[in-house]
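Please have the sequence and the coordinates open while reading.

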Amino acid sequence: MSKEKFYITTPIYYPSDKLHIGHAYCTVCTDTMARYMRLRGYDVMFLTGTDEHGQKIEDKAREAGVSPKEFVDNIVEGPRGVKDLWKLMNISNDRFIRTTDDYHVSAIQKIFRKMYDNGDIYKGKYVGKYCKPCESFWTESQLVDGKCPDCGREVQDAEEEAYFFRLSKYADRIRDLLVNTDFLEPRSRVNEMVKNFIDPGLEDLCVSRTSFTWGIPVDFDPGHVVYVWIDALSNYITALGYMNDKYDDFEKFWPADVHFIGKEIVRFHSIIWPAMLMSLGLPLPKKVFGHGWLLMDGGKMSKSKGNVVDPYLLAERYGVDALRFFLLREFPFGSDGNFSNEALISRINTDLANSLGNLVSRTVSMVIKYFDGRLPESYDGVEAMDQELTSAAGALRGAYQEQMDAYAFQNALGEIFKVIGRANKFIDETEPWKLAKDESNRERLARVMYDLLETIRICAVLLQPVMPDSCGRIFTQIGAGDLTSWDSAASFGMLPLDTAVTKGEAIFPRIDMDRELEELEKLSAPTGPQVKVEPVLPDVTIDDFAKCDMRVCKILACENVKKSEKLLKFTLDDGSGTPRQILSGIAKFYKPDDLVGKTAVAILNLPPRKMMGLESNGMLLSAVREVDGKEELNLILLDDSVPAGARLC
Ligand code: MSP
């Protein structure tokens, strides 16, 4: 009989920066689900990858002085890049797609053409707003306080010839899908989508750009590149072989069973993606699950805020399994959660070192001490000592499955740790060290040991999707042999009576919280001064820029303005022959005498302004930034060989 199929995906990552723990979160959750379904016997396809086109990457590559492809290659394939991280985190993806892969590029061109040929893509003129960091187009009505509704940043006016996708045509079907089916979970996300996007009216979507080139060209209209989200979303089908010969798994695995994604990209996956599939005449994925964010001090992690947590650092220090466990056990999958080093260490100590690790090492040590490492072949009819423990362990698989099937990882692990807690209590209650003193208790003692080993084994079978390596080590220590399958956890008592154990190293060593917190602080402290980088402002035209008359000026005289702590009064030679007076609020940063004779830059054609009763005719240019939370400033000074009056352009 052929196995049932299960196709699961993560979002494909933007390789614009190194990944942080928030990115690892979604991939670890997806990996756990994929491993769980494999354990259940499903034929699983787990896809992840990278989303490599778009203006943001083009800009970053330019800043780095390399080509966009070189730039993404380094972050995806380079040392400590995306692929390295997934390897370190023990991610068991079956396939990895890069949207720069040739087969994907040509498939996107065919997909675009198919939607054009069926009338769902048409050419028009785009007039609206564009959020550069999110690479998203918005209509005026979608903006929140005039800013991007996703990231809250400034948007810019955009007008250009472009192709449009008839999203509006699918509005009723999408509404029905969201409101009347379980397509999108958690349910709260449905309300958000309907209220924010569907109710105000779905407008056609701009799906091509002409203002940059780092994208997949529209093959029948060079100069246009395909909008990154059309390119990116299609990865879920091109990676199976849709519209390409590279793979042949489309018939087998599509539709996807579930797309796991972060909450900010739910709009793309629950509105645009189903509409694209409707247009292509393809079945829809069975489910989209929008998980929450890992927050730092209540805010989203982002490189510009300087609050990203490095998964390499944590995995190398505490072990990959401990980190994976923490991510799944600590946060409810559908909601936001606050990441902290303290929560991580405390979770490792409580659940892994004290509870599970201790149970394994105590049990194995006792079997070695009291039975030379091997339990007897029979216990002469001694029944289980604790019905509560054995029935909880026997029923664990069902309780766990119910939670896992609902993607409630936290609760599924909660079920396992209830049983582990019960087993530890069982040791305290039965006091095996007392039983061991009396030879007549030998069978009862063996039964206690057996019940503990079997409980540990069942728990470890079910923990495998989360901590594959550590469970392997537990199996070796407790002598589980090949009793590690899903079926072997169906009921209590499958372990042979005369099981032999092997002492090994502590699987989850306890961590000294205070010392580690201090260490982590040192390790993650920025190595140099932290400069706050302001986001780039919306574009201006070259004509706007040309209106600013910026000139080189020699500083003839400079003095403090009376009664002002801030202002300096400059007398400047701007090359015109008439000295110019400019006031500048930089007294905090410079002594007047130090500036006399220097060559500065000023914008001259600002309207005159009065400050402290004095007129200022223009503005001197400075470089300002926030360093470690404090404002710093440098007056722009040029080489003295540049003559007064030279124009900046
Ligand atoms: N490239 C798009 C996805 C295209 S899918 C067709 C993208 N990439 S991303 O790299 O910006 O984000 C990838 C995933 O990481 C998203 O699901 C996002 O929600 C998730 N996370 C990024 N930061 C996160 C946290 N701090 N916490 C949890 N998940 C977060 O979006």
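The model is predicted. The protein has 649 residues, and 52% of them count as buried.

**Overall build**

- The secondary structure consists of 22 helices and 26 strands.
- Along the principal axes, the C-alpha atoms occupy a box of roughly 115 × 65 × 40 Å.
- The domain assignment lists four entries: domain 1 (5-103 + 232-300), domain 2 (119-225), domain 3 (342-489) and domain 4 (542-638).
- Between the C-alpha centres of domain 1 and domain 4 there is a distance of 51 Å.

**Ligand shell**

- D51 uses its side chain, where an N or O atom is 2.6 Å from a nitrogen atom of the ligand.
- L294 places a backbone N or O atom 2.8 Å from a nitrogen atom of the ligand.

- E160 sits in strand β6, which covers residues 156-165.
- Is E160 buried or exposed? Its relative accessible area is 12%, so E160 counts as buried, the cut-off being under 20%.
- The side chain of E160 makes a polar approach to T210, reaching the backbone nitrogen of that residue at 3.1 Å.
- R153 belongs to the loop between β5 (136-138) and β6.
- With a relative accessible area of 33%, R153 is partly exposed, because that value falls between the 20% and 50% limits.
- R153 and E559 are 406 residues apart along the chain, and their C-alpha atoms are separated by 40 Å.

**Helix α4**

- K83 is part of helix α4, which covers residues 82-88.
- The relative accessibility of K83 is 32%, so this residue is classed as partly exposed.
- From K83 to G49 the sequence separation is 34 residues, while the C-alpha to C-alpha distance is 8.8 Å.

**Helix α20**

- How far apart are the end C-alpha atoms of helix α20? They are 16 Å apart, and this agrees with the 16 Å that twelve residues (513-524) should span at 1.5 Å a residue.
- The expected span comes to that value because the 1.5 Å is multiplied by one less than the number of residues.
- At the start of α20, D512 has a side-chain oxygen that comes within 3.3 Å of the backbone nitrogen of D514.

Terms used:
Residues numbered from 1 in each chain as written. Predicted model: local features only at pLDDT ≥ 70, side-chain atom pairs only at ≥ 80, totals over all residues. Heavy atoms only, no water. Polar contact = N/O pair within 3.5 Å; in protein donor to acceptor, adjacent residues only side chain to side chain. Helix = DSSP H or I, 4+ residues; strand = E, 2+ residues; numbered from the N terminus. Domains from an automatic or database assignment. Buried < 20%, exposed > 50% of the residue type's maximum accessible area, 1.4 Å probe, protein only.
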